[in-house]
Amino acid sequence: MKVLLLKDPKDKESGPDPYIKELGSYGFEATLIPVLSFEFVSLESLFEKLSHPECYGGLVFTSPRALEAIKICLKENSKNEAWSKSLKQKWNTKPAYVVGKATASLVEEIGLSPQGEKTGNAEKLAEYICSREKPNSSCLLFPCGALKREVLPTVLKEKGIALESLTVYQTAQHTDLQESLSTYFSQQGIPASVVFFSPSGVKFCLQHIQKLSGDFLSHVKFAAIGPTTAEAMEAAGIPVSCTAESPTPQALAAGIQKALCPQNC
């Protein structure tokens with residue numbers, strides 16, 4: 001059975017995409033179609049803030065893209081040297097809060113120790129941060145995307161925990177999205193399952209998928225990587241057959257297996 005994953009492929013240097021690999025172990029034939037493109041912004045401002053760890057109580061990351069922004073900054077020799085010599089060590093005395101394993105592994109790549117990776121979504125991360133931070137303590141730095149949800153900032157504000165957001169990337173529809181979807185449906189047919197990985201993916205893809213599936217739309221099992229994406233799907237009128245228990249390849253594959261083969265066929 002075919003599964004369409006609406007996400008960017010993993011960095012080619014790090015081997016096969018873990019979602020394709022995990023779904024393959026269940027006998028599913030998975031295909032990735034990139035949905036989003038990203039433009040990084042305010043990188044000088046980002047590094048300026050990273051250069052003053054004494055001004056902050058820690059870092060918050062809810063997206064791998066925010067770490068990519070930092071990695072772009074560190075490609076400059078002078079900034080990389082400053083980070084390696086002292087900044088990394090100073091930030092390591094403070095928490096780096098994250099959602100999910102993908103973000104956690106990128107935090108480790110820049111030499112920091114992630115906390116909260118098992119929380120899985122912004123709501124649970126906010127609860128986790130509130131359980132560890134005292135009201136009116138030093139501000140947390142939150143590099144984020146232009147389309148960030150307000151759940152985490154709102155919860156922290158209610159608890160008196162200061163958060164400084166800085167937009168470091170903007171999200172747009174991938175230039176090849178419509179063509180890629182058309183090619184997939186014409187060559188592979190209608191997939192047994194379609195997986196959304198973000199509310200933006202729902203926004204940019206749904207209309208195309210409805211059109212390409214036609215009368216067979218009701219045969220497709222729609223899956224979400226997490227509750228936030230599931231909410232966006234439901235708001236758009238898509239029946240959600242499966243929401244991964246955690247945002248990992250293992251949890252998603254197990255959920256799709258259950259949705260497509262309820263009797264363990």
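## A parallel sheet

The model you are looking at is predicted: local features need pLDDT of at least 70 and side-chain atom pairs count only at pLDDT 80 or more, while totals for chains, interfaces and linings use all residues. Residues are numbered from 1 along each chain as its sequence is written, and side-chain values use heavy atoms, leaving out hydrogens and water. The names of helices (H or I, at least four residues) and strands (E, at least two) refer to DSSP runs, numbered from the N terminus.

E10 and E11 belong to an open sheet of five strands with parallel pairing, in the order E2-E1-E9-E10-E11; two strands pair if DSSP finds at least two bridges between them. At the edges stand strand E2 (29–32) and strand E11 (240–243), each with a single partner strand, so one side of each has no neighbour in the sheet. Direction ignored, neighbouring strands here are turned by 25° against each other on average. Helix H9 (residues 199–213) lies across strand E1 (2–6), strand E9 (193–196) and E10, and runs at about 155° to E9. Such angles run from 0 to 180 degrees between N-to-C directions, and axes are lines fitted to C-alpha atoms, for helices over the stretch in contact.

Strands of a sheet pair through backbone hydrogen bonds, either parallel or antiparallel. Another open sheet has six strands in the order E3-E8-E7-E4-E5-E6, with mixed pairing. Its edges are strand E3 (36–40) and strand E6 (114–115); each has a single partner strand, so one side of each is left without a neighbour in the sheet.

Within this sheet, strand E7 (residues 140–145) and strand E8 (residues 163–173) run parallel and are joined by six bridges. Leu-140 has Leu-163 in E8 as its bridge partner. Helix H2 (residues 43–50) packs on the sheet, where it touches E3, strand E4 (58–61), E7 and E8, and its direction makes about 150° with that of E8. Contact here means heavy atoms within 4.5 Å.

## Helices around H2

Two packed helices are described by the angle between their axes and the distance between the axes. H2 and helix H3 (residues 64–73) pack at about 85°, their axes 10 Å apart, and are therefore roughly perpendicular to each other. Angles of 65 to 115 degrees count as roughly perpendicular, those under 35 as roughly parallel, those over 145 as roughly antiparallel and the rest as oblique.

Which residues make the contact of H2 with H3? On H2 they are Leu-43, Leu-46, Phe-47 and Leu-50, and on H3 they are Ala-69, Ile-70, Ile-72 and Cys-73. Eight of the residues in this contact are nonpolar, with no polar and no charged ones. Nonpolar covers Ala, Val, Leu, Ile, Met, Phe, Trp, Tyr, Cys and Pro; Asp, Glu, Lys and Arg are charged; the others, Gly among them, are polar.

H2 also crosses helix H4 (residues 77–91) at roughly 45°, with axes that come within 11 Å. H2 and H4 are therefore oblique to each other. Glu-44, Phe-47, Lys-49 and Leu-50 of H2 meet Lys-79, Leu-87 and Trp-91 of H4. That contact has four nonpolar, no polar and three charged residues.

## H1 and H11

Helix H1 (residues 18–25) packs with helix H11 (residues 249–260) at about 40°, their axes 9 Å apart. Pro-18, Tyr-19, Glu-22 and Leu-23 of H1 make the contact with Pro-249, Gln-250, Leu-252, Ala-253 and Ile-256 of H11.
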